[in-house]
Structure formats: structure tokens, C-alpha cells
Amino acid sequence: MRLPCPICGERDRREFYYQGHATLLDRPAADADAGAWDDYVHNRDNPAGETRDLWHHEAGCGAWIVVTRNTVTHEVLGAVLAEKAKS
Amino acid sequence: MGYSGFKVIKEGLFGQKGWKPVWRNPDPKPEYDVIIIGGGGHGLSTAYYLAKEYGITNVAVLEKGYLGGGNVGRNTTIVRANYGLPGNSEFYSHSLKLWEGMEQDLNYNTMMSQRGVLNLFHSDGQRDAFARRGNTMRNQGDDAELLTPEQVRVEAPMIDFDNVRFPIYGGLMHRRGGTARHDAVAWGYARGADQRGVDLIQNCEVTGIDIEGGVVRGVQTSRGAIRAKKVAIVVAGRSSQVAGMAGMRLPIESHVLQAFVSEGLKPIMPGVISFGMGHFYISQSDKGGLVFGGDLDFYASYAARGNLPMKEHVMDAAMTLMPSIGKARVLRSWGGIMDMSSDGSPIIDKTQTEGLFLNCGWCYGGFKAVPGSGFSYAHLIAKGEHHAPAARFRLDRFRTGTGLMDEEGTGSQHNLH
Amino acid sequence: MRVAGKGLNPNGAPVSFTFDGTSYTGREGDTLSAALLANGVRLMGRSFKYHRPRGVLTAGSEEPNALVTVGQGARQDPNIRATTQTLYDGLAARSQNAWPSLKYDAMAVNDLASPFLTAGFYYKTFMWPKAFWEKLYEPIIRHAAGLGALSGDAVEETYEKAFAFCDVLVIGAGPAGIMAALTAAQSGADVILVDEDTQMGGRLLAETAEIDGQSGPDWVAAQLGALAKMDNVRLMTRTTVTGAYDQGTFGALEQVSEQNAPLNTPRECFWRITAKRSILCAGALERPIAFPNNDRPGIMLASAVRAYLNRWGVAAGSAVTVFANNDDAHRTALDLIGAGVTVAAVIDSREDAQSLGDYPLFSGAQVIATKGRLGLKSITVQDARGTHEIETDCLAISGGWNPSVHLTCHMNGRPTWSDDILSFVPTDNSIPDMTVAGAARGNFSTLGCLEDGISVAKATVTSLDLKSPQIATPAAEDDPYSIQALWQVDGTGRKWLDFQNDVHVKDVKLAAQENFRSVEHMKRYTTQGMATDQGKNSNVVALAVLADATGRGIPETGTTTFRPPYVPVSIAAMGAGSQGHGFAPERHLTSHNASVDRNAPMVEVGLWYRASYFPKPSETTWLEACNREVNVVRNHVGVCDVSTLGKIDIQGADAAEFLDFVYCNTFSSLKENRVRYGLMLREDGHVMDDGTTARLGLNHYVMTTTTAAAGQIMKHLDWVRQALRPDLDVRFASVTEQWAQFAVAGPKSRELLNSILDEQIDNESWPFMACGDVGVAGVQGRLFRISFSGEHAYEIAVPARYGASLFGLLTTQAEAMEGGLYGLEALNVLRIEKGFITHAEIHGRVTAFDIGFDRMVSQKKDCIGNTMSRRGGLLDAEREQMIGLKPVENEHKLTAGAHLFVEGADAVSENDQGYVTSVCHSPTLGHDIGMGFLKDGPNRYGERVMLVDHVRNNHVLCEVCHPVFFDPEGGLARG
């Protein structure tokens, strides 16, 4: 698998660390209710199809990126820097 | 029809003409007492124990593909009860006991072979952590021995003890652990359930769950609507999709776990051996193939096929631990879809919908759980209350923080367990 | 038998080799199977289950029968296909899975019992008595398991891995592949052409067809010459693409050398090839027909018979018969006759078959029986006129051709059934950016392959925005493919499908009878297609038999999935470089060599190596050394390299706010030139890591992490800054390897430092938890007054290039004042005496509450993990919380990993109260001490609990106490 780092260009999957769904960008307020935090930390849509997830270009530029890709076909549709992304 | 050596000889003499279908191909009835969604190992064992232990036989198992076509047919066949935390400990202990009587219970040879599971450790800290785990096992009444490096050398002479990046400090031996013939487990439970009147319906995909006023009424399928008093979801690998039909969002992310088998070789591997400094575990089948695996591919996927970097990592670990298998050739590799839960432990629970039950989140440990999961799930479905060995597998533990079972200590990130 | 003047290398030098100890002579360029056939050897192996005598079936990597072992000792290679083993002088091959000999194999008794050993019989028996499975039945089964044997020795030879990149990867160098490569190369694309064979050319090397008036091999040589001259083309022979993966990545196995190569020459290289586009020209494989006893040595595929004849100059028999359902029958007969080999008969199942030459033809006929246990002697043919027994020592069979669709299935693609060729063809777009050309998509004429290679490559380069070149199609045969379905022949006797696994037609029918009707069930129940050829020879026929048995068509019956690898790949190749110490990088401290010189055992700590202890000549155990080192620190001064701790330099106007967000306690209030202990949580409210962070300036901090978590924390900080707090002006960099850092601990620590610092320090200028820049022997360094031992202590850091010399200087000075070095063991004792936690305690499941630090989680601010740490379940008094332990009897030993029980309670799960995480012998206190977790622990100090360590057989009555054993007021560190 190869991923398009917005800074470095297309790179092998080996250079990246995977964290999980892009829902982690939407951190609830500290006083949000237990359900909101449970959803943030644990619960996932977990789609069989297109998804957006978080990767860290650990062995590259160090950028956290949001990759849009398909979990069934592994087609990669694009990537943006997490710094600039809104989930 | 009972199976026996006598019967095998008789059929051998008379041209095998007497063997009957191992299960029927029934058409779905309009209504059942219980519908089990998913004809994998856990679904089939649930159906079997519902019928056998709880006398509930008006049951349908709905399978979208073929029976046993999910993870029960694509794993490394390891059976063990060597968990370290309350909840898992008593559950897998119970499951192992069911394994030990499975063949006689099912009248089907699932080739459960207790040749031992040996976890290696490579530092003082790992030794202490394994000692703690071993003591949990012993507290539970299961077997565990802490082996010295010299004892490991006797048990597993193919390991490289001399020129190794991470030396062997010893191992935790679990002699009642071992392997079983994975497909046979599915077939044995299927046959047992079918014999007790359960309808096993293949090529029948559930497309919707009918709920009225918070009570489950049945399911929509590719073969029409079927009504049911109770509906039990047990579809590891597709849990989020099926639970989604009932409006649920689960603490689960789906990941690929690969497994590998080599060409047939004369036996060199006594039991199951696992490496402690990189995910790698290996055994040898009764046909002679080395069966081994490693870690997840690490990114959410439903593709049921593995990627190259993890294959290489598994081979890397094999080469540092036991370079004597370097000349074995990998014949085939495959990938299963794991329900990775947020603490790495499973869920067997009721849901907010009355009559709808959930069994999921087995991560990469589902195979050894097949009997225990089916038994405990059947109990929950039949009695409406948790079966004691699985009482901690509750869905609300994530929200409340009570009773989390994070064996790896890696936290809520799904793919790190 | 060798045919004079035939083959690609008719004048090749003689090569001597042995098979099962018998010496033979082959010819340079031979494969082992060609050389054995040339010597009249037909029996080459035994099947897996029934130990049936078997000869070679194919001439390629898909060979199921002729598997041998080559080499001795650590160089022993099991399961080598005789069909791909290149012959070399001195090659010693042995047969497998036969005892006492290939000819007289005792296990062939299984074949007599075969009526009882049908598909799945073992699921129905061996269940009684229960204990007999492990003790009797399974050992017998395992005794018979496997084909070849591993030597048991570690691999000695060299294996390699490599990466390659290209615009266009062409897989297979037959007519389609060569034209595709030429076309793509002339467009200017970077091209890699790979082929699994020792020579490129595919079937053109094995057939007599001409191209542009040249022989196939001559035409191939000319084209390869042209390709070799182009610097945008890379030709890779003996390289098999093993798998197709995402985004144009492929695995490929190159066989670099034979078993006789020097040990430092790679045997194999595993390639990772990344290609923008790929063209699959993998050709097709011929399939057998299922007829009674179709497995005798001497029965082989017609394509293999032609390959042995045309490529290696070997006649596979002296009186050859041919049985086919397509035109291959006649092509084979003509080639043989042309070489002067007797063709005893051609049996064509098609009623309308016409003879094309001077050979006896049986049209509308079938082979219904064969004779010859160790080698074919005769066949029985049935046609409209009756039955005919024909003497023959080689039967060439062809049931048609299967396109090599395998790679197109590696990403879950399903091939499509074609009624035209009675086989599966690739489904379009099964692999992104891959197209298929030639026989691999059912285009079986030579001209068709050439044309297809050109047109597919043109479309490929156009998609890369390259100009499509003008290429003329060479002239070649364009015979139509004529085939009539014939899967199995009626008649008595077993009709073999999967030769290696001994699956025959009745097994498949039995599976159907028992309702294993799904093709996956049939495969798994019968083991059909699970042998080393992965069903390449047998799957399609078996599928047809299953379809027939279940009354369905073949497309409806479906097919099993082809999974990687295409050919088996050695673990050594895919894991090349990882043997021994190659598995993980080694990180060495600047004090490494000096520590080794002092005979310190170096132990693995993550990737690092750290000194365990520094033994004196008089000391015989590690514990003696450890106790001495602890005493040195407590009484004098000790020096320890602590550079493995993660160090992260953090700067920016919002650095303080950032730290407040990642730590659960507060750092914005920390004064400049001061250090504070910090606790970091995961977002799920559990402890992630701890360490000290120093404020070197208003907007400048240096964070330390534990050794184990350094990488994880760096990633986490990156995550928080980029994804959660991009609003903050802060940047950071890992400087772990830029600084060498040494702990200097003990009552004389300041005295020691003052002997090497450019400016003297005292308690006023450097109070406890002070930090700042210092000059060390003229070098600018940093000094932190922190203590992980409870002693008056410092950590001094210099740029790593000065680390070795500072370590030497500190050692000399320390030893001059009765001090010395201390290692990891003493470090651990010192910290346990002081009750400091490590990852033994913060193992990922504990909370700040559990370790008594819940008040550190600030109520005034949001921070990572703050909210989730307040979940009820994480603050429950019944949780196991950190405590200290000491034995009631001083001489009793504590062991980590033990569990804790109320005194007198049974040591069973229901009574489990907690567990022990760290223990040591405290030379300071004169007895063992430990740390652990106990339910409601902090409220149970003074209570007695039983420590039970089943696996070490240790039971010790302990007293629960506060985890700080030494200097609980902390006066020493401040003094």
C-alpha cells in the first residue's frame, strides 16, 4: 500500500503509523457528557467502504495526515494534513 | 448418523454409499424462536448449545455465504486458556474445558491436540509479567509452568539460543493448550445443531433487523422476511454493519490479521511457540505445514487479504527466532477480518432492543473461544441473564470504566491489542 | 532418452549428478527433471497420502509430483521441484516421503487401505478412547506428515531483499510479454520485464512455431538483445512475481544462485517492486484429464513432453502415446515424429478429429485404463470399435489450457468462466492499473499473443501520457483453439485430481454426497487444491467434477480463491537480513565500549543495550555487585548512564500551554531553571508515561520520557499539536541521541561534580530540582538536580560526542572518592527503595488514582485524559492500588508476578486481591522489598497478606506498607 503524504508525495505504507478513524479530530469539550466521550474514545462507524482515517508519517516528515480511502478495496482517494483538516 | 471407526470400515467395504449429508439444506420457515445471524464457529456453537443445553431447537442460523466461511476457517487454530485478567481468565478456562470434551460431545473428531503453548520471554520484566499471568492461570485452576532457558531448549530445540538479537530468558508453558482442526470445529457444531433440529440456512444474507417499539420482531433477508422472538448477532468481521441495522454503534474497528502456512514438512515443531519481542507464533499441522502468524496489518480493513510489510515482519521474526525454518517455503497466506474492540476483549451482552443480543469483539482470539462463546451466548439468549464465566463481557464497561480487560495495556486504540 | 541434435543447447557440456545415490550424466542447461528423463528415470517421487509412485507431470514451477531434497546439513533444501532445479556438477538430489527407498516404500500400504481412508475419514473416527488422540492416533498421523524435511540447522546461506520501481512492470516474457515490453520501452517508459524461468521466451522455447521466419528461440534472442540495449529496460530472469498488493506494489522472488554457490552469494532475493502500471503476460498452464490410474510415472502433460523434447532434447518415452481433447494432441505427435520418436497412438476424444501426420489416430476415443506400477507400460483405449491395449512408456495428456489468472485474484478478484476455452479468464480491473495480455487471458495463438502484447502495452503507455510507438506485428501462426469438454473418463479405478494430496474423483463426489457442496467446503473437506501446487494442475477439473456431482454448471459452482504467493517463497528470502541480530537495530550508549571493557553484562532494553552491573574480580554473583553498587551510591557517589531516557526539546510562545495540555499536572507555573515531575495520561484516562521536564527558558522546555515510551510520546506530542491544538505556537524535536546524560548520585555527588565543572555549585545556586547550563571541562552542558535514587543527586548532560570522555572522567573522579559506576540492577534497587514507579507499575492498565497520584490530575484545566480519568470505574476504591510490601520474616524472598491473598484464603481467582510488580533485595534495609497493587491498598498498611507465586512455588507472608521504604521525608535529596 502507498499513501500520498501531502508534504512528501506518495510513500510506502511502511513509513506510516496508523491510529484510527478521523473522528479523533473532534475532541469533545472537557465537560461534554459521558456518551460524547464514549463515542469519541471507543465507538466507531467502522464503515465497509469509504472512510477517513489518521496516519502519522513517522518515518518521513512527521506529519499527521487524514487519508480518504476504501476499507474494502484499499483504494486511496486522497490525503490532507490533519493540521488543516476538519473531521 | 453416528460416526465411529466401525462405521468408517463398514462404509469402506461398501463403497462409501451410506454416508448421509452432514446437515440438511432447509428453506427458511416464516418464524423461529431464535434467529442466529452468522454461521461461523460462534454462531454454530451457539445454535448447538441452545439446542443441547437449553432445549431450544426452533432455531435458524442465517449465513450469507457458506457455513464456517469466516474467521473459523481462516486462523492459526490455536487453543489456549492463558489470559491474565479477571473476566478473560474464567471465560477461557471454561472454554478450554469444553474443548477437552468436544470430540466425544459432538461425535466429530475436531483433532484438538494438547501439545502445549509456549510463550517466550526476553527480559526480566517480561518474565515477571508472564509469571503474573501464569499465576492468574493457576489461580483459575488451569495449568502454567515458568520454564528456564534450559527447559525451553529441551521443549523447543529449533530456537536459536546463541546468535539472537533478543535472548531467551525463559517461557511460560501451558501444556493443556494446543491446536485443533479449524474447519472441523465448524462442521462438528453444524452437524450437532442440525441433528437437533436447528435450520442451518446458507446463502441467506440478513439485510435488516425488524424492531417495533424497542422489541425485536425478526429480520429481513435475501430470502425474505423471517420473524423471530429473539435475534442474536454473532458476525465477527461484520459486527458494525449488522449492529448498525439495529441502530447501534460499536466500540469496534475492523482489521486484517494474516496467517501463513508452509509446504508440508516432516514434523519439527512440538506445540505452539510464540515470540515475545515481535508478534510471531507458530505450530505445525498434522499434515506437516508450519502454520504461523503475526500482528494485524494495523489499518482498518474489510479486504480479507494481507499486505506485504506485515508478511515480511512475520518472516523477519521467524528468522531471528528460529532460523532453522528459513528453508521452509510459505505456500499460502490469507487474512481474516478481526473485530478489534477498544480494550481487546469481547462483548457478549443484551442490547437496548428487547430480544436482540450481541456477541462480538473477539479481536484475534475468537477461535479458542468458539465453544465457550457459544455456550455463554446460548445461556444469555435462553435465560436472559449472563452466564457466569462471561459475566464481565459487558458492552457498558467502556462508558463506565468498570471491568475493562486490557490485557495488552495499550489503551483504547483498537488496533493496538 | 536424449535425442541427438535436439534442444536449445545440443552441444552442452556433460554435467554429473546423483539421484538417490545413483550417478547420472546430464547436460548443461538441463533441469533435474530433464536430466532424469534423459537417463530414463521416470519414478521421481511418492504422493503424500497413499505413497503412490509418481513421475514428473510438468516442466514448470507448478510440478506436484517430482519434489526432491537437495543438499546436506544446513544447506539441505526440501521440496525442490525437479522441474525448476538447474543441474550443476555434483548436484545430489534425494527422493522424499519414501522409506526405505523410492522403489520400495513401506508406507505404500496406505494405498491398500485407501477404501477406508477417503476424504474426511479422520473426522469420523480416532475419538475413542479420549486420551488416545494425543498418545496414539496423532503421533502415528504426525509420523506420516510432511514431504521433505528441514535439516534442523540454522540457515547458513545468504538471502537478500531489495526494492525496485518502474513505470511498467511486465510479468512473463513469452510472446505477449516480450512485445509488451518492447512497445512500452519504445515509448520511453521505465520497464521491468520479469520471468520465472532461467531463460525468457515462455512457450516459444518449448514449441516449434516460427516467428517472422525465425525459430521461436532465435526470435526471442533477437528481441531480448534489443531490450537489453535500452537503458530504460531491466530484464529479470528467474524472478517470479509472487503477489499483487495495493497501489501497484508487487512481491517477487528471484532465484540468484544454486545450492553450490559460495555462502556469501545470495541464494534468493525477495523484491518489492512498485509499478505505475503492470501488464500480466503469465501465459497458461495445461491441465490433465481424470481417467482411471492417470497418475503413473510416464504420464505427463503434453506441453511438458514437447518442452522436454524441443528445449532439452529429451524424449520422455520411446513409444509415446497422446491423449487429448484439443489440438495439442496433434502438435505433440508431430513434434515427436519430427524428432524421430515413435508415436504409438494419438487418442483424441473429439469425434471429428483428423490425423495431421503419420501416426495411429483414435478419434472419439478415451483412455480408460493404464498399467505399470513404477512406470507406465500400457494403456487401454476405448472407442466406438471397442477397447485397444497399447504398449507405451509415456502418455502425453492435455485436457486444455487454463490461463494463469492467479495474480488477478490476489486482491479478491474472481475470474470469469469462458465457454469458449472451457476455463477461467481474468475479470477486467481485478487489480488496479493492471491489464492482462496473451494466453493469460485466453488468447492462445502465437500471433494473438504478439498482437495482444502490443495493443495492451500501447494502451498502457497512453495512460501514462507517453507516446504510443509504431510497432509492426511479427508474422506467426494463428491457429484457432479447438477444444471439446472432457473432464473425466468413465471406468473403474481411481481418477486422480490433486496428484500430491491424492484426491480423486470419488472423494469429490463423496464430499457432494455429504453436502459439502460449496466449492470451499469441498476443498477443505477433501484437501483438493491445498498441495504445493495450490491446485494449479487440478482445480478446474475438480470444479467440473463437483459441478457434475451437484447438478450445477461450473460458473454457478464458483471457484476457490487464489491467494499469494503464486509460488511458495522461502521464509529466509522474505525475512532476509533478520537472522540473528539483524532483526532489530542496536542502539549503543556513548559509555558502551567503556562498560564492555569493564566486563559489564550488556542487557537489551528496548533497542538499547545497557550495563546491568559492573563486576569486581572478587564477585561471583550479580547480586554481590548490585549490593555493592547500591551501597556505593548510598554512602559515597555513583555514576550511571541514563541517556536512554527520551529527551524532547520543546520551544515556542505556547510551549507552557502545550505542556499543560499533555501533562495532567501544570507546567506553566514552573519557574525557569527548575525541573518538575510530570504525569501523562492517555485520552482514556490511564497513565501513559512519566518523567521530568525542565524549563530552560521562558519558552523553552526539555521533557524526559521513559526509555520504553520515547517514540510513542514523540508521536503523541506530534498528534496533539497537529491534530488537536494547531492553534498553539510550539515546536519540538527529539534530542535523545544528541545528549549523553549521566546520573551522579550519592552524598558526594556535589563534590564529584565540583571536581569537573568549570564553575563550582552549592545548595543555593543548585537547589533540589534546579537546572541550567554548566561548563564541563570547557564544554557547555546541562545540569539537572534530580534524583531517581532518593540521594542527593544530579543528572549531567553533554553533547553526545563528548559522552564517552565525560563518562571516563566521571568514573575516574568517582573512584577517587570511593565511588564508582552503577548499572541497571542497582538503579532498580535504588528506585524501589524509594518507591519510584517504572513501566512495571504503569503497565498501561493503571490510573493516576491507582498509583496515588490522582491529586496531580488538575481540576482546573482540560488536558489529555482528564475527563475519561473521572469515570466511576476508574475511581473505585475496590481497584487495585499501589502499595509497598515487605516479608514478615526478613529472610523470605519476594517474587514479582506473584498474586496477593488475604492470609488464610485459598489462592484461587475469587480470592485474588492484587499482585506484585517489582521486587528487590534491599542492601540498605537488609531484606527484600516489593511494590505491587492491592485492592483498597492504601487503607491496608500494616495488614498481612499472603504472596503466592504458584509458578515459582513461593509463598511468603508479607506486610503491606507505604511504597516509599527509604528516606520517606525526602531530606537526603534536598540536602
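Modeller: Let us begin with a term: a residue is buried under 20% relative accessible area, exposed over 50% and partly exposed in between (1.4 Å probe, protein chains only). This is a predicted model, where local features need pLDDT of at least 70 and side-chain atom pairs pLDDT 80 or more, while totals for chains, interfaces and linings use all residues. Residues count from 1 along each chain as written, chains are lettered from A and ligands numbered from 1 in written order, and side-chain values use heavy atoms without hydrogens or water.

Biologist: Thanks! Which residue of chain B forms a salt bridge with Lys161(C)?

Modeller: Lys161(C) lies in strand β8 (residues 158-171) of chain C, and its partner is in helix α9 (residues 308-321) of chain B, so the pair joins two chains. Helices (H or I, at least four residues) and strands (E, at least two) are DSSP runs, numbered from the N terminus. A salt bridge here is a side-chain nitrogen of Lys or Arg within 4 Å of a carboxyl oxygen of Asp or Glu. At an N to O distance of 3.3 Å, Lys161(C) meets Asp316(B).

Biologist: How accessible is Lys161(C), and how accessible is Asp316(B)?

Modeller: The two ends of this pair fall into separate classes, partly exposed for Lys161(C) and buried for Asp316(B). The relative accessible area of Lys161(C) is 22%, and that of Asp316(B) is 14%.

Biologist: Which residues of chain A are linked with Lys161(C) and Asp316(B) in a network of salt bridges?

Modeller: Lys161(C) and Asp316(B) belong to a network that also holds Glu312(B) and Arg272(C). From chain A, the network takes in Asp12(A) and Arg14(A).

Biologist: How many salt bridges does the rule find over all chains?

Modeller: Across the interface of chain A and chain B, the rule finds 3. One salt bridge joining those two chains is Arg249(B) with Asp39(A), whose closest N and O atoms are 3.5 Å apart. Over all chains, the count comes to 85.

Biologist: Which element gives the largest share of the side of chain A that touches chain B?

Modeller: With contact meaning heavy atoms within 4.5 Å, 27 residues of chain A are in contact with 30 residues of chain B. On the chain A side, β3 (17-21) and α1 (34-41) each supply at least two residues. The largest share, 5 residues, comes from β3(A).

Biologist: Which residues touch the most other members of the largest nonpolar core?

Modeller: A nonpolar core is a set of buried Ala, Val, Leu, Ile, Met, Phe, Trp, Tyr and Cys residues joined through side-chain atoms within 4.5 Å. The largest has 94 residues, and those touching the most other members are Ile36(B), Trp99(B), Tyr108(B), Tyr189(B) and Leu200(B).

Biologist: Which residues of chain C are in contact with Tyr108(B)?

Modeller: Neighbours within four places in sequence are left aside here, and the contacts of Tyr108(B) within chain B include Tyr3(B), Trp187(B) and Arg191(B). In chain C, Tyr108(B) is in contact with Tyr123(C), Met127(C), Phe516(C) and Tyr525(C).

Biologist: Last one: what is the phi of Gln16(B)?

Modeller: Gln16(B) is in the loop between α1 (5-13) and β1 (31-37) of chain B, and is buried at 9% relative accessible area. Although Gln16(B) is not a glycine, its phi is positive, about 60 degrees.
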